[in-house]
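Here's a quick tour for anyone meeting this structure for the first time. Have a look at it, then read on.

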Amino acid sequence: MAYTPGGGAPAAGVAPMGSQYCVCKVELSVSGQNLLDRDVTSKSDPFCVLFTENDGRWMEYDRTETAVNNLNPAFSKKFVLDYHFEEVQKLKFALFDQDKSSTQLDEHDFLGQFSCSLGTIVSSKKITRPLLLMNDKPAGKGLITIAAQELSDNQVITLSLAGRKLDKKDLFGKSDPFLEFYKPGDDGKWMLVHRTEVIKYTLDPVWKPFTVPLVSLCDGDLEKPIQVMCYDYDNDGGHDFIGEFQTSVSQMCGARDGVPLEFECINPKKQRKKKNYKNSGIIILRSCKINRDYSFLDYILGGCQLMFTVGIDFTASNGNPLDPSSLHYINPMGTNEYLSAIWAVGQIIQDYDSDKMFPALGFGAQLPPDWKRERESSWRFEGSLWLLSADRLGSPMSLPSTSTPPTPSAQQYFILLIITDGVISDMEETRHAVVQASKLPMSIIIVGVGNADFAAMEFLDGDSRTLRSHTGEEAARDIVQFVPFREFRNAAKETLAKAVLAELPQQVVQYFKHKNLPPTNSEPA
């Protein structure tokens, strides 16, 4: 998102915050095969209606055009939707044979329907499924094919700039220069797009390379004028104007490594007053590169698999599973906080898993026949159904090891969901394991159940600080997301899922970008 005018310059020596904001939009293409023929003297005239679920009710979202006299239509009208990974976005595609000019659907013959989530389509990129009648019986041999494609403009431009012999503005020093980039707004006024960091005490600054979305800088128009302003930073906000120049992305693309472009930085007032005025310094564009900035949706559509594993706390602090007060007690309603957490996350993740079977790790239990405490045990569960039977709970709690995860392929990303009721007994070992895991394609989601003190869990979530191991090594990136279940006890399960999965798309992209790995099936930028 672009900076807004009047925001003030950044503090000296401090780089500006990132300004990118992307809303993922998905375009769905629909075609039908072998549709029912409802017309006597000709073939059906099908059109497709998309419904979205809102508060348990199906609401019409959009319609395609009508394909006249066609049992195998490929509709040119596309459905465009916002894609939210952390939500279950239920869709229904219904096909009708147009008989009248009426917009009322009950005036047209029903040809069949298909329901799924948007995540199911996105994870497969293209699906073909049988159409069903209202009684869930097959609509003859009718099929529907739905293909997904991202619409978001994700090109970015990276600029590397320096200055030479800029005007001296400080009485007892040199200058503290920074640059501002503007584009024309819809109202005809210049709109601030980006501001560099301040370089102290120099007339020959070298700014750090920066990257902004191409659409933010020039609305995707390479010929649109760009105004660049150079200022000398002052602590009181009264920054001294050094000079300016205009350019365009098309012109800046002439700068390549080793072949820079130079722009005269002009102060119009000085230019009018001084006959021998030449410039107020030179701004050097060292390089200009336009690349594709791959999004989370790019990786999913490109075939990236999300590998989901659950770690469940079986320590004694959970209570006797046969006691209704136990966190593991399965009450007559068939749920508890552990199951609720698994269901909230699993209902999202299952769309990205072909068999919907997830490996699970149990830790802290005492297992028969000798009832020794096991650090880890494993089994598999389908959906969110699992039972605690012969195991006996133990203590204290140690998180399952993350130091030796499965060896990933180039397009697999691992998600470990840990559900626990207590504090960590081996914090130094856990911190070290998380720091090492931050180099791998994995994220760790921790859901705290019960009413324990979860300060240690919050420490692992590196939102406010960089996590370090006991040796001082920093985490390569933030991979831990901690959420206390008690804050969502009275909220819808969908609310917990949004909170738990909020950071995952960014973490996936960060890993693959850091490793310079584009989506497997991506096209060249």
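K25 has D82 in β4 as its bridge partner. Strand β1 (residues 25–33) and strand β4 (residues 79–82) pair in the antiparallel sense over four bridges, where pairing takes at least two DSSP bridges between two strands. Helices (H or I, at least four residues) and strands (E, at least two) are DSSP runs, numbered from the N terminus. β1 also runs antiparallel to strand β8 (residues 138–150), joined by eight bridges, and here L28 sits opposite A148.

A word on the source: this is a predicted model, where local features need pLDDT of at least 70 and side-chain atom pairs count only at pLDDT 80 or more, while totals for chains, interfaces and linings use all residues. Residues are numbered from 1 along each chain as its sequence is written, and side-chain values use heavy atoms, with hydrogens and water left out.

Here are the strand pairs in one place.

| Strand pair | Bridges | Residues opposite each other |
|---|---|---|
| β1 and β8 | eight bridges | L28 and A148 |
| β15 and β16 | four bridges | L261 and L285 |

That last pair belongs to an open sheet of four strands, in the order β12-β9-β16-β15, with antiparallel pairing. At its edges are β12 (210–213) and β15 (261–264), each pairing on one side only. From one strand to the next, the twist averages 35°.

Now for the helices. How do α6 and α9 pack? Helix α6 (residues 337–349) and helix α9 (residues 493–501) meet at an angle of about 70°, with axes 9 Å apart. Axes are lines fitted to C-alpha atoms, for helices over the stretch in contact, and angles run from 0 to 180 degrees between N-to-C directions. The two helices are therefore roughly perpendicular, a label for angles of 65 to 115 degrees.

On the α6 side, the residues in contact (heavy atoms within 4.5 Å) include W343 and I348, and on the α9 side they include K493 and V500.

In α9, L496, A497, V500 and L501 are buried, meaning under 20% relative accessible area with a 1.4 Å probe, protein chains only. They cover an arc of only 110° around the axis, which puts them on the same side of α9; the arc is that of the directions from the helix axis to the C-beta atoms. The buried residues of α9 pack against α6, β24 (442–448), β25 (480–484) and α10 (504–514).

Over in α6 you'll find S340, which counts as buried because its relative accessibility is 13%. Leaving out residues up to four places away in sequence, S340 touches T335, F485 and L496.

Methods:
Angles under 35 degrees count as roughly parallel, over 145 as roughly antiparallel, 65 to 115 as roughly perpendicular and the rest as oblique. Buried means under 20% relative accessible area, exposed over 50%, partly exposed in between (1.4 Å probe, protein chains only).
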